[in-house]
Amino acid sequence: MEETRNMYFEIERSAQAAALSLKVTYYGAKQLLKLIQFLMRLHQKGVLSDSDFEDFTSFVKLSQGNFTNMGVPLDMRGITDKEKDSLLSTLDSCSLPGLSEEDFQERMNQLGKDFKDFRDNLQGENIDEIDALIQKAKDSPKQGREKILSNLWDSISKLDTVNVKDRIQDLKASLTKLGINFCVFPGVESEERSVVSVAIDKRDIDKFMPFFHTYINNQMTGGQHRMDAIRALTDGKASLAPIHQEILDKFCEILDRNKIDYAIAPDNNLDDGIRHLVIPNDQLTMANTLYNQLRAALVETDKKDYGAFKTTPLESYDKASKMTTDEVITKAQKDSPKIAEAINEYEGPHVATPAEDLINSMGKVPQDAESFACGEFFNNDDFVPLSVYDSLVDNPKDQILSKVQNSSPDLFCCRIPGTWGENEQILAVSPEKVFRDKQTNRYIVFMPKDESPAVLTKDGIKRDIYKNGMDLYNHLWEKNEGAFIPIKPEKLQSILQDVPKAAPVM
């Protein structure tokens with residue numbers, strides 16, 4: 001499989017080219033290329049349409065690779081098909097033959113509670129009628145309930161539902177109208193309520209954030225005020241308090257009784273079991289006291305401790321909504337079984353190469369080339385990067401290399417190509433300057449530009465063979481380009497010209 005070539009993923013070369021042409025850091029360019037590879041795989045497996053992939057490549061070119069990933073909770077105010085079916089299922093169970101009066105009342109109470117969770121987000125619907133019918137059914141004698149339950153079924157059935165795809169289109173239309181350069185990533189189509197990953201051109205971030213705040217404010221409800229009212233009343237002086245989902249209803253009831261203002265923020269992390277309340281700063285002390293009372297009671301009765309009451313400034317919601325490239329990719333695979341299946345076909349179990357086994361056995365496991373530390377070295381003008389083939393690190397026939405490696409277990413040692421036998425030269429480098437690039441089965445070695453490299457020969461360490469790291473860099477480039485590939489940034493093409501079109505996997 002020539003996936004590396006087809007997918008423009010000779011990582012260290014492409015990332016350096018991207019960093020130069022897009023004026024982003026090496027680390028940022030590498031994350032961009034990782035995202036390109038991920039979306040290309042989805043395209044090749046038919047999960048991502050041609051138009052969606054072209055939207056992304058166009059976005060990359062227009063943004064020049066400088067964008068911010070945001071997790072935007074979709075405006076799902078209303079009721080989904082799944083939630084409506086749940087209400088109707090509960091209502092249907094109230095008509096089961098032989099159901100006791102106690103069970104009937106319990107199920108109607110559950111129906112009322114479930115509907116209450118949705119009613120604040122229903123606009124222009126017959127919500128008052130549904131509430132009234134639920135109460136009427138509970139108060140009516142058994143013989144007179146059939147007609148009431150039938151009317152209740154009709155009223156719930158008529159509720160308009162919302163769905164993810166329509167809300168994504170609404171979000172896209174709003175951002176387009178504002179003239180914002182953006183790209184919505186795939187992965188949320190299977191979710192009833194979800195967070196959509198959106199890349200925003202950094203040049204448009206000042207236009208996006210006011211929209212984002214309004215979009216979020218419109219979804220925040222709870223307590224005696226909506227979120228926009230709390231912002232206005234407090235001049236933005238409010239804080240986020242994370243509350244475990246299991247005790248959210250109980251705590252909100254306590255806040256209601258004690259006239260504490262709050263709003264429930266839409267969830268921008270669907271998997272952590274935590275919701276965030278927004279509370280005015282001047283009411284935090286009382287809210288803290290009430291929470292501690294609830295916490296102590298639950299520890300005593302349920303033997304469960306939900307943790308201390310902690311708050312962060314409201315601005316931290318914006319920071320929490322930002323997503324790394326890895327988070328975008330992980331979220332997409334978690335949200336969509338189709339995406340996970342497509343990616344898993346590429347990602348088999350990693351089999352260590354002989355060189356990796358050798359290095360690992362010596363206790364010098366190199367960091368991954370995807371790490372931030374590798375990007376830091378690339379951004380450091382005091383170092384030059386070299387790319388080392390496995391065969392230069394592990395060769396059973398090379399007795400000199402093996403001897404040096406065994407006698408210097410604290411160093412990363414590799415043969416310098418073009419040298420062999422009596423004239424063999426071994427380059428020795430501190431392990432912290434070596435990174436493993438699994439995409440190309442090579443090591444990236446960073447040489448101090450102005451220091452003489454440590455070269456081991458049969459006569460011991462020599463520091464006068466090459467004047468400095470740059471001298472070795474240039475020597476290897478000129479003499480041994482085919483075997484030992486130093487990274488020559490000026491030789492590489494611009495990613496703006498080479499953002500890949502999906503090619504079939506060979």
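Predicted model: local features only at pLDDT ≥ 70, side-chain atom pairs only at ≥ 80, totals over all residues.
1. Helix α5 (residues 81-93) packs against α8 at an angle of about 175°, and their axes are 10 Å apart. Here axes are lines fitted to C-alpha atoms, for helices over the stretch in contact, and angles run from 0 to 180 degrees between N-to-C directions. Helices (H or I, at least four residues) and strands (E, at least two) are DSSP runs, numbered from the N terminus. α5 and α8 are therefore roughly antiparallel to each other; angles under 35 degrees count as roughly parallel, over 145 as roughly antiparallel, 65 to 115 as roughly perpendicular and the rest as oblique. On the α5 side the contact uses Lys 84, Leu 87, Leu 88, Leu 91 and Asp 92, and on the α8 side Leu 149, Leu 152, Trp 153, Ile 156 and Ser 157, where contact means heavy atoms within 4.5 Å. By class, these residues divide into seven nonpolar, one polar and two charged. Ala, Val, Leu, Ile, Met, Phe, Trp, Tyr, Cys and Pro count as nonpolar, Asp, Glu, Lys and Arg as charged, and the others, Gly among them, as polar.

2. Residues are numbered from 1 along each chain as its sequence is written, and side-chain values use heavy atoms, with hydrogens and water left out.

3. Helix α8 (residues 145-157) also meets helix α7 (residues 127-139): their axes come within 10 Å and cross at roughly 155°. The two helices are therefore roughly antiparallel to each other. The crossing of α7 and α8 is left-handed; a crossing is left-handed if the near helix is turned anticlockwise from the far one by less than a right angle, and right-handed if clockwise. From α7 the contact draws on Glu 129, Ile 130, Leu 133, Ile 134, Lys 136 and Ala 137, and from α8 on Arg 145, Ile 148, Leu 149, Asn 151, Leu 152, Ser 155 and Ile 156. Eight of these residues are nonpolar, two polar and three charged.

4. Strand β1 (residues 67-73) is joined to strand β5 (residues 195-201) by seven bridges, and Met 70 has Val 198 of β5 as its bridge partner.

5. Three bridges link β7 to strand β8 (residues 274-280) in the antiparallel sense; among the residues involved, Ala 265 has His 276 of β8 as its bridge partner.

6. The contact involves Lys 250, Phe 251, Ile 254 and Leu 255 of α12, together with Ala 287, Leu 290, Tyr 291, Leu 294, Leu 298 and Asp 302 of α13. This contact has eight nonpolar, no polar and two charged residues.

7. The structure holds 10 aromatic pairs. Rings of Phe, Tyr and Trp (its six-membered ring) pair if their centres lie within 6.5 Å; planes under 30 degrees apart count as stacked, over 60 as edge-to-face and the rest as tilted. The ring centres of Phe 208 and Phe 211 are 6.2 Å apart and the planes are at 50°, so the pair is tilted. Because Phe 208 and Phe 211 are three residues apart in helix α10 (residues 205-217), about one helical turn separates them.

Terms used. Pairing = 2+ DSSP bridges.
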